[in-house]
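Please look through the structure shown below before reading on.

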Amino acid sequence: RLARLNADLTLDPTFLPAQASNTVLRLALDSLGRIYVQGSFFNFDGQLGYSNFVRLAADGALDLGYKPSLSSSITGMRVVAQDRLLLAGSLL
């Protein structure tokens, strides 16, 4: 459900991301290369409890220390100054 492309549009073989159990809807990238992922999944990379919203390291590994509890009703997501993340939607 996630992949990274090189400038020539080929798959980047060095990016081996953790995978969602279901649909990924939104992505955001911060200045450190961390990837915020939102969707309608109930686990990520087989890890139960990582549902709807997770953060990946720049290499695609699941950040096990980042575990917010949010609903899947996020309609917008953007990284702003100082790597703060703004979310819009029905956040529970």
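On a 1 Å grid over the protein atoms alone, a pocket is an open set of points with protein on both sides within 12 Å along at least five of seven lines, and residues with an atom within 4 Å of a point line it; a cavity, by contrast, is a set of points where a 1.4 Å probe fits but cannot get out. Grid points are joined across faces, edges and corners, and a volume is the space filled by probe spheres set on the points. In these terms, the largest pocket has a volume of about 200 Å³.

The model is predicted: local features need pLDDT of at least 70, and side-chain atom pairs count only at pLDDT 80 or more, whereas totals for chains, interfaces and linings use all residues. Residues are numbered from 1 along each chain as its sequence is written, and side-chain values use heavy atoms, with hydrogens and water left out.

Which residues line the largest pocket? The lining consists of Leu2, Ala3, Arg4, Phe15, Leu27, Ala28, Leu29, Gly33, Ile35 and Ala58. By class, eight of the lining residues are nonpolar, one is polar and one is charged. For this division, Ala, Val, Leu, Ile, Met, Phe, Trp, Tyr, Cys and Pro count as nonpolar, Asp, Glu, Lys and Arg as charged, and the others, Gly among them, as polar. The strand β1 gives the most to this lining, with three residues.

The strands deserve attention next. Helices (H or I, at least four residues) and strands (E, at least two) are DSSP runs, numbered from the N terminus. The chain has zero helices and seven strands, and its elements run β-β-β-β-β-β-β from the N terminus on. The radius of gyration of the chain is 13 Å, close to the 12 Å that the globule rule gives for 92 residues, so the chain is as compact as a globular protein of that length. Here the radius of gyration is taken over C-alpha atoms, and the globule rule is 2.2 Å times the number of residues to the power 0.38. Along its principal axes, the C-alpha trace of the chain spans about 40 × 30 × 20 Å.

Two strands pair if DSSP finds at least two bridges between them. An open sheet of three strands has the order β1-β2-β5, and its pairing is antiparallel. Because β1 (23-29) and β5 (53-56) stand at the edges with a single partner strand each, one side of each is left without a neighbour in the sheet. Neighbouring strands of this sheet are turned by 25° against each other on average, direction ignored; the axes behind such angles are lines fitted to C-alpha atoms, for helices over the stretch in contact, and angles run from 0 to 180 degrees between N-to-C directions.

Six bridges join β1 to the antiparallel strand β2 (residues 35-40). Within this pairing, Leu27 has Val37 of β2 as its bridge partner, and Ala28 has Tyr36 of β2. In a regular strand the side chains alternate between the two faces of the sheet. The hairpin of β1 and β2 has five residues between the strands, and Gly33 there takes a positive phi near 85°.

A second hairpin is formed by β6 and β7, with three residues between them. Seven bridges join these antiparallel strands; Val79 has Leu85 of β7 as its bridge partner, and Met77 has Leu87 of β7. In the loop between β6 (73-80) and β7 (84-90) lies Gln82, whose phi is near 60°, a positive value in a residue other than glycine.

Is Gln82 buried or exposed? Buried means under 20% relative accessible area, exposed over 50%, and partly exposed in between, with a 1.4 Å probe and protein chains only. At 69% relative accessibility, Gln82 counts as exposed. Leu9, in the segment before β1, also counts as exposed, at 66%. Leu9 has a positive phi of about 70° although it is not a glycine. Asp59, in the loop between β5 and β6, counts as partly exposed at 45% relative accessibility. The C-alpha atoms of Asp59 and Gly89, 30 residues apart along the chain, are separated by 28 Å. Over the chain, buried residues make up 32% of the 92 residues.
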